[in-house]
Amino acid sequence: MNELAKELKAISMDDHIKETSPSKTVLAVKVDDLTVAYNYKPVLWDIDLEIPEGVLMAIVGPNGAGKSTLIKAILGILKPLAGSVTIYGKPYHKQRSLVAYVPQKGSVDWDFPTTALDVVMMGTYGSLGWIKRPGVKEKKAALEALEKVGMLPFKNRQISQLSGGQQQRIFLARALVQDASIYFMDEPFQGVDATTEIAIINILKELRKAGKTVIVVHHDLQTVPEYFDWVTFLNVKKIATGPVMDIFNDDNLTKTYGINYKVSVQK
Amino acid sequence: MNSAQFEIQLIASLVAIACAIPGTFLVLRKMAMISDAISHSILPGIVVGFFITQDLNSPWLILLAALTGVITVALVERIQKTGLVKEDTAIGLVFPALFSIGVIMIAKNANDVHLDVDAVLLGELAFAPFDRLTIGGTDIGPKSLWVIGTILMVTVGLLIAFFKELKVSTFDPGLSASLGFSPLIIHYGLMTVSSVTTVGAFDAVGAILVVALMIAPAACAYLLTTDLKKMLGLAVLFGVFSAISGYWLAHWIDASIAGSITTMLGVVFLFIYLFAPSKGLIAVIYRDKQQRIEVSLLTFLLHLKNHTEERERHVNHLCEHINWQKVRSQTVLDLALKNNMIHINKNIVTLTEKGDDFTSQAIDYIITNEDAQIEDMKDDFFLFRG
């Protein structure tokens, strides 16, 4: 395990050395003093977070740590109690076209009467704006995205007839079709088989190679060093954020999860 | 058919269409009970509006009463947000309160108001043709026809304009919000349309039928299609069918039109619930039976594949070996023979090449759960249709 981990670490170091050089760091997302509360009980407390452009970042933390809430607050889906968020220096509502969002798979009703292609087309709605309808161009983009995630043969399948992994690929295709600069994904690996997980992470790595910023709520700590080059530890408060090789260690894991952790990469 | 009969059917059909459109989205948003709440709680709005305008078909009355409907939704959400009770409880708290206020207001002012509780609950469709709209002395048709016609045109216009917004916010509110289509605005837009439609239809068909016309056609359509546009079309079709057939049922048995239309909605739903091709009760029972047989077949084929010794593959011993009764073994054996998956030589069963391939493929699928490989097997076998 340790040998493998070292190897993986070496690979991921190679991958992100250029992105982390401080001289040309552009901030994709900046979160200042963000506090979010449900019924006056804070679920995120005074979060400061800077996400540099071009990283593939995992947000990790225990259940109820506010990982999904953080994404939703950044995207303006939840109204924060305090604090502010900027995307490339401007508020989110002015930068919508730069951002794609993949909600948790369980947050939608998969019995909804629609097809895989139609769900992917929804990704184009943002650039269309109100009232205007998707046309040939949007359909072509959606078909290309389906192709990329290997779901083209299923384009006319009703979404309830897809397996969990296929549904997640459809969601990913819908984000790809948005052709954004920043991708937020809420647990894209939840309930998917190993093949799909690899397919998804490969696409995410491709996105990063193309200079995109990808932010993923992630649960499987074992795969963090293998999949990601940047990580944020969250548990209501921000514990740490930075390159995986610098901060993914027992100390931060213990601070975040509250129990002694010995799974991480050895220094 | 005289002109009054025609007008009644026309009004009933337009009401059905106007209800089916918001109804489809209410059903998909799992908010069917909200339409019940709206239809009852607009009563005080109608009564107050009637005091002010003295005209049941006045646009002001309709807007005022529709506002009560939207307030109902807001109140329900407010109570729900406290986290003290669930949504259905919140609905159950709000609408009887508002409805009873309306009932008391009618009772206290019975002499001045041409409204009674019967009419409120069941409508007065039969009298609709007698309340005419005249412009400069010319009769241009029943008032309620114009009211519901106008509402329907606005509803259809909004549906066409905001179809994609309605779809995305119903399917995935999170994405909708992140794209800039506020789910809250769309939600209250839909609630406003539902309220206006309810008020407009209220006078003609009453509080109970409005709910039925919103929910039943959409529920029928939901069982038949996997396409939102088709679902809307089918809901409209079932609504109109029930409206017209209900009218003639009432004519035939000399009963309430509203009651007969509601009955027809129930009959149509029952029929579709039984006979819908893939989600219907009979289809489900048939499919379960087929699947049971096919799983047995697969078990049987796998047994043959795993055992080369003749003892295990002797026709007479098969039922012992896989622990089945004779009848079931016979059915499975026949099915396998019919599909050329086995051949029997001197009472020893052997897999054919086709049977062997099929078994490997099927096992592969079950182990990997990879769909692509078995696309072409799906037509022959229920088992893989999910």
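Two strands count as paired if DSSP finds at least two bridges between them, and helices (H or I, at least four residues) and strands (E, at least two) are DSSP runs numbered from the N terminus. The model is predicted, so that local features need pLDDT of at least 70 and side-chain atom pairs count only at pLDDT 80 or more, while totals for chains, interfaces and linings use all residues. Residues are numbered from 1 along each chain as its sequence is written, chains are lettered from A and ligands numbered from 1 in the order in which they are written, and side-chain values use heavy atoms, with hydrogens and water left out.

**Sheets of chain A**

In chain A, an open sheet of 3 strands runs in the order β2-β1-β4 with antiparallel pairing. Because β2 (41–52) and β4 (82–87) of chain A stand at the edges with a single partner strand each, one side of each is left without a neighbour in the sheet. Neighbouring strands of this sheet are turned by 15 degrees against each other on average, direction ignored; axes are lines fitted to C-alpha atoms, for helices over the stretch in contact, and angles run from 0 to 180 degrees between N-to-C directions. Helix α2 (residues 67–74) of chain A packs on the sheet, touching β1, β2 and β4 of chain A, and its direction makes about 115 degrees with that of β1(A), where contact means heavy atoms within 4.5 Å.

A second open sheet of chain A has 6 strands in the order β5-β6-β7-β3-β8-β9, and its pairing is mixed. Its edge strands are β5 (99–102) and β9 (237–243) of chain A, each of which pairs on one side only.

| Strand pair | Sense | Bridges | Residues of one strand |
|---|---|---|---|
| β1(A) and β2(A) | antiparallel | 8 bridges | β1(A), residues 27–38 |
| β5(A) and β6(A) | parallel | 4 bridges | β6(A), residues 182–186 |

In these pairs, A:V36 stands opposite A:L44 in β2(A), and the bridge partner of A:V102 in β6(A) is A:M185.

**Interface of chain A and chain B**

The contact takes 35 residues from chain A and 35 residues from chain B. The area buried between the chains is about 3,000 Å², of which carbon and sulfur atoms give 61%; buried area is the accessible area (1.4 Å probe) that two parts lose on being put together, summed over both. Across this interface the rule finds 3 salt bridges, each a side-chain nitrogen of Lys or Arg within 4 Å of a carboxyl oxygen of Asp or Glu. The side chains of B:K30 and A:D109 meet in a salt bridge at 2.7 Å, N to O.
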